[in-house]
Amino acid sequence: MSGVATTPRVTILGSFSGRNAGDMAILGNMLAELAHAFPTAVFRVPTTNPRHLARTFGRYRLEPIGLRPWDGSIKILGLPILRAMLATDVVLVTDNILFDRQYFNPLFNHLATISLVAPLCRRRGIPLVIYGGGLGPIRTRRGARALRRVLDACRLLLLRDLYSVDLLARLGLRHPRIALTADPALNTAPPPPEHTDRLLRRLGVGEGPLLSFNVNSYLDAWERRGPRFDRDRFAGIVAAALDRAVDSLGVQLVLVATQAMDRSITEEVRRAMQRRDRVRVYAEPRPDYREIAGLLRRAELHVGMRTHSLILAAAAGTPVAGLIAYPKSHAFLEMLGLEEWSLGFEALTVEALDRMIQGAWAARAATRVTLTAEVRKLQVRARRAPELVGRLLGLEPAAPPLRAAAAVPTPSAGAGPSGAPPS
């Protein structure tokens with residue numbers, strides 16, 4: 001790879017439409033870390049919204065690759081992804097896009113398409129790397145075969161959780177080069193405190209302790225056991241438990257949607273509550289991951305369904321608890337030593353959710369100590385990834401890794417917006 005040393009071409013695969021704050025946090029931190037290590041690198045990022053990516057990350061040497069029908073693509077299925085994976089020096093596969101749910105639906109599933117192109121990358125000597133990502137769920141033989149094709153083309157697996165390692169063992173899959181790193185989103189730095197102050201004023205958040213809550217429109221679709229959890233029933237259970245929390249804890253509640261598709265279920269929960277006077281909602285069509293991190297930093301406890309709502313809160317130093325919609329959320333809480341504060345859909349009732357919220361709230365000071373120490377370790381592990389990729393390509397980083405973002409403790413109970421210094 002004689003040309004790699006001067007201008008490495010890096011293709012980054014994920015779901016980067018701008019509608020999901022977690023995905024944008026992954027991409028934003030990857031670009032910052034990789035550009036810091038390899039300043040001449042050119043980043044090729046397939047996306048359904050090239051204009052948004054160019055506007056958001058224009059300070060980097062970014063080449064958005066359109067995945068729209070007029071680009072010759074049905075989301076990930078089409079010629080653009082083929083060119084992106086074959087006209088590059090390395091392909092980095094991020095987040096948790098290698099699962100077999102809705103395998104033949106290119107609007108939802110990435111594994112089917114990536115597994116078709118991966119053998120071509122292997123034959124051309126183009127390395128694939130799982131970059132701070134996760135694997136699965138894989139529940140079919142077809143999915144296991146597809147994952148095998150991807151792994152055969154991978155030179156390096158930088159996995160973010162032990163669930164992925166265990167999945168490989170359960171499927172009987174092996175790989176010679178596995179390192180446990182962490183999700184790049186863990187190094188998200190919130191914006192300056194005055195930005196968060198303005199946001200809180202815009203949302204109408206006043207004085208007093210803050211509880212944040214995140215819901216996911218998938219509900220139990222990933223971990224379903226028996227009939228589907230009815231949407232109205234779900235909203236009613238969550239609303240009743242949150243009403244209890246508002247009354248018994250004396251908190252203000254902010255419902256935080258980290259994915260645009262969750263705006264409707266977020267609003268349904270709000271409407272089902274009795275204490276709507278104590279509820280504020282953050283739900284944007286293009287949610288800003290740094291803005292969300294700043295908002296979650298001001299909360300005393302965050303309870304989330306989407307994994308990246310938990311990650312962004314933890315990165316900001318905020319104690320977390322999880323309503324488990326899929327395995328990766330439980331895996332993240334396990335990594336923090338906080339699996340005690342998790343609740344699966346099979347046990348979801350008003351009483352069970354209320355008990356978890358009350359318990360996590362009472363334990364939040366001790367949780368913050370544990371969380372801060374564990375997050376710091378994960379942040380350092382996440383920062384290792386650029387060096388490992390560089391070593392694979394025979395490149396030396398131009399600078400030491402960026403300093404891990406520091407988690408700042410949230411205000412004490414009863415305090416209003418603190419204006420704490422940013423990391």
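Begin by selecting Lys75, which counts as partly exposed because its relative accessibility is 27% (buried means under 20% relative accessible area, exposed over 50%, and partly exposed in between, with a 1.4 Å probe and protein chains only). The model is predicted: local features need pLDDT of at least 70, side-chain atom pairs count only at pLDDT 80 or more, and totals for chains, interfaces and linings use all residues. Residues are numbered from 1 along each chain as its sequence is written, and side-chain values use heavy atoms, with hydrogens and water left out.

Lys75 lies in the loop between β4 (73-74) and β5 (77-78); helices (H or I, at least four residues) and strands (E, at least two) are DSSP runs numbered from the N terminus. Although not a glycine, Lys75 has a positive phi of about 50 degrees. Most residues other than glycine have a negative phi, and most peptide bonds are trans.

Next, select Gln102, in the loop between β6 (90-93) and α4 (111-124). Gln102 is not a glycine, yet has a positive phi of about 50 degrees. Its relative accessibility is 38%, so Gln102 counts as partly exposed.

Proceed to Gly136 and Pro137, whose connecting peptide bond is cis, with omega near 5 degrees. Pro137 belongs to the loop between β7 (128-133) and α5 (141-153).

Finally, select Glu340, in the loop between α12 (327-335) and β15 (342-344). Glu340 counts as exposed because its relative accessibility is 60%.
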